[in-house]
Structure formats: C-alpha cells, structure tokens
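Student: Can we go through this one together? I'd like to ask things as they come up.
Tutor: Fine, ask away.
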Amino acid sequence: MKNALIVASLLISSVSMAAPKAQWVTVDAEVFAKVQTKLGKSYKSLHKGNGAIAMQLTAKEVEVLSETIHDELHRCGGFMGHESYDEAVQAINMQGETHFAKHAKFDNYTIENQSIVAPMVAQVNELSIRQMIEKLTNFHTRHYKSESGVKSSEFIRDTWADLSKHRSDVTVELVKHKNWPQASIVMTIEGSEFPNDIVIIGGHADSIVSGMFGGGSPSSRSPGADDNASGIATITETIRIAMENGFKPKKTVQFMGYAAEEVGLLGSKDIATSYKKEGKSVVGVIQFDMTLNKGTRDMDIVMMSDFTNKAQNEFLGRLIDEYVKVPWGYSKCGYGCSDHASWTSNGYPASMPFESTMGDINGKIHTVNDTLATAGGDASHSAKFAKLALAFIVELGN
Ligand code: BES
Ligand code: ZN
C-alpha cells in the first residue's frame, strides 16, 4: 500500500513539474464517479475506452482525488498521471480494461510477504531444474506437429499433476487447439479469496530447428534446452516448491506451458484471446522463455522493455532486489518475440525476464546444438528465475 502511494505521488509530482497547471489523468469508472461528487463540478470525460476515462485536472484537484481514492474508496492507485492528452489516450488504448480490474489497480504492487517468500526462495534447487531440462531434451523434438511434441506436453502435464496430487484445490489440464495436435498445459491453484483474479506464469513447451536441411520440420532433432526446456523447468521448480510448502494464494495462480509458440505464438494467442473474450481478470503475467544461458556478464536478469507492462517490470525489479539479489536491467526484443506479446496485445499486463541482453543472445537456439552442455552445463542461471517466480506468485497472489 505504502509503496503504491509513493509511486502514485512521484507520478503526480513529475507530471506537475512538466505541466504546472493542467494535469492529465486516466481514471476508472468508480473513481470518475467519485470525482464528480467530490469536486462538485460536472467533469467532462475527454476520452473513454477499455473501462478508463481521460480527464484534465488542476494540481490541487489531483491532490484531492488521490486522498479521496485512498480514504473513501480504500484503494491505492485507480488513476494515473500523464504528460499530455495524447499520452493519456495512448495509455487507455494500450493498457486495456484489465488494469482496472477490482484487485489490480495501477501501481498496486507491494512487497510484504518476506516471511513466506524467503524460505521458499532458499529451496530452489539447481539439480532439480537441470534434471527436468534433461527429461525435456530427451524428447526427439517438441515440435508442435510431431508425435513427440504431443507426448512431451503430456509429460509436462503428468509432471505437474504429480507434484500437486495431494491438493484438491489444484487442477492440471491439457488445453487442446483446433489446428494442430500439440496441447498446451494449464495448472490452476484456485484462489481462496479472489478466485476471479488470475496471476499467470508461463513459457512455451514446444521447440523447433530452423535452417536448410529439414529445418522447421516436425521430424528434425530439436532439443531446445535453452529455448525453452529451461523456461518449463523453471516453472516446474516453482510449482514443486509452491506445492511442498502448501502455498494457498488468495488470488488464482495459473502455470502455463504453451504449444506452438515457435510458429507465431499460436498456443498463447488461443488462450489469451479466449481469456479476453470471456472477460477474465488477469492481474499479471510472466513469460519465461530462455533462462539457462548466462550471456551477459554484468546482468543476470534482463527485462524485455517492449511488448511488456512498465509498472509490472519495475515491480519485478524490486522483487529481484529483495529476494533474488542479482544484478538486473533492461533490453529489447524489437518485436513480439514470445508469448508475453499475446497477453499484451489482449490488454493484460505481461513481463518477460530474460537470460541476457538481445546483443548477447545464445547463438545455438533453433539448432540441434541447443543443449544443456552448450548453455553452460548446469541450471544455476535458471534457478534465479525460479526464485523470481516464487516471489511473484506469493506477492501478487496474496
Ligand atoms: N525464444 C525465442 C525468442 C527470443 C529469441 C527472444 C532470441 C529473445 C532472443 C522464441 O521462441 C522465438 O523463437 N520466437 C520467434 C518469434 C515468434 C513470433 C515466432 C522468433 O524470435 O523468431
Ligand atoms: Zn523461445
């Protein structure tokens, strides 16, 4: 709560420095109604969309608004400052209505579960991540159209189901897709207080090889150790520790292994668009795609800044400082390079913490040589990402 207020007030003060008189804010419907009654005027909404409204206020009015939201609506955030009308409109268009979902207000990201997170983070085990990577790379290929690609998704489902077999509030399912045989995998821990708010940790389950000789074909050997057995193994380790510690989140937490990412983010697109269509409230998404190869010397976790949510990226940075304690920074894909983009384009806040900067990328991906051996030989780099995932599901899930 406190952190969110500080963020909100920093936001306002930076806006007022740039534009001392008029301030642009975006608010949700509940806050907009409050503004009308509180400020005693009839305010025009200047732009509306995705459940948000852009309006212009004076610095004093912003102050009143901030206090009102906190004291009377008992929320942090619920509005956002912008430098200009254009920026406010852009924010509305980009963000999507899920930012205004009941328990996912702007900047409502706090870190307050140290006593739960720290012991879980300490249990992350390099060997168990490495062994999962080895099992996944033992499938000849995880190509979305191959027989072994189908089998590998069933194996992930079985592994996650086994880790959660003692829990009646947990389900593990294969999500079938219409146009290809490989299923996605979805594990759900039902939230105890806010089951309709969903936190998602995902990564793609498929692999591919590109190139001239049988490249991209369903029968070519494609170990995909770094891309992306490592992401699935990172998620599996997160699940293992969550289950062994009896983790019962207030919000619903889902773990996803997406089919057919390598051919255009197809599995995640299917899932994210149907979530949007059904009006599901997804409060945060993390994508783990490549966590094995430490390519950048002075940065361990690199957040992709494009096709991701800025406020959530900053929250992840704070989680790394608090719990993972490794150097982190930013880089860019330059395009929608993985499944986080499917969530972003459906209006949900998504992030992609990545193994290196784009400049230091693992040159072996999409080849027969994307193996554990060529990516450093052990899973110690991936372990940092599992720690971050644990911090995220506990802090955001509660
Ligand atoms: N893991 C890669 C994405 C990636 C590669 C991120 C290098 C950062 C650095 C992913 O599996 C992939 O290959 N994505 C496709 C794009 C997709 C839309 C088919 C790609 O990058 O070509
Ligand atoms: Zn990938």
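Student: Which residues come nearest to ligand 1?
Tutor: E261, E262, D289, Y335 and H366 come nearest, out of 17 residues around ligand 1. A residue counts as near if one of its heavy atoms lies within 4 Å of the molecule. This is a predicted model, in which local features need pLDDT of at least 70 and side-chain atom pairs count only at pLDDT 80 or more, while totals for chains, interfaces and linings use all residues; side-chain values use heavy atoms, with hydrogens and water left out. Residues are numbered from 1 along each chain as its sequence is written, and chains are lettered from A and ligands numbered from 1 in the order in which they are written.

Student: What classes of residue make up the shell around ligand 1?
Tutor: Nine are nonpolar, four polar and four charged. Here Ala, Val, Leu, Ile, Met, Phe, Trp, Tyr, Cys and Pro count as nonpolar, Asp, Glu, Lys and Arg as charged, and the others, Gly among them, as polar.

Student: How far is the polar side-chain atom of E261 from an oxygen atom of ligand 1?
Tutor: The distance is 2.8 Å. For H366 the corresponding value is 2.9 Å, and an N or O atom in the side chain of H204 is 3.2 Å from a ligand oxygen. These are polar contacts (pairs of N or O atoms within 3.5 Å; within protein, one must be able to donate a hydrogen and the other to accept it, and residues adjacent in sequence count only if both atoms are side-chain atoms).

Student: How much of ligand 1 does the protein cover?
Tutor: It covers 81% of the 510 Å² of accessible area that ligand 1 has on its own. Accessible areas come from the Shrake-Rupley method with a 1.4 Å probe, and for residues only the protein chains shown count as cover.

Student: New topic. Where is S342, and is it buried or exposed?
Tutor: S342 is in helix α11. Helices are DSSP runs of H or I with at least four residues, strands are runs of E with at least two, and both are numbered from the N terminus. S342 counts as buried because its relative accessibility is 2%; buried means under 20% relative accessible area, exposed over 50%, and partly exposed in between (1.4 Å probe, protein chains only).

Student: What is S342 in contact with?
Tutor: Leaving aside neighbours within four places in sequence, S342 is in contact with L265, S268, K269 and A272. Contact means heavy atoms within 4.5 Å. The S342 side chain also reaches the backbone nitrogen of K269 at 3.5 Å.

Student: And H340, buried or exposed?
Tutor: H340 is buried, at a relative accessible area of 1%. H340 too has its place in α11, which covers residues 340-345. Beyond four places in sequence, its contacts include Q287, D306 and M352.

Student: How many residues does α10 have?
Tutor: Helix α10 has 15 residues, 310-324. From first C-alpha to last it reaches 20 Å, close to the 21 Å expected at 1.5 Å a residue, where the expected span is 1.5 Å times one less than the number of residues.

Student: What caps its N-terminal end?
Tutor: N309 does, with a side-chain oxygen 3.1 Å from the backbone nitrogen of A311. After α10 comes K325, whose phi is positive, near 55 degrees.

Student: Last one: how many helices and strands does the chain have?
Tutor: There are 12 helices and 13 strands. Buried residues make up 57% of the 398 in the chain.
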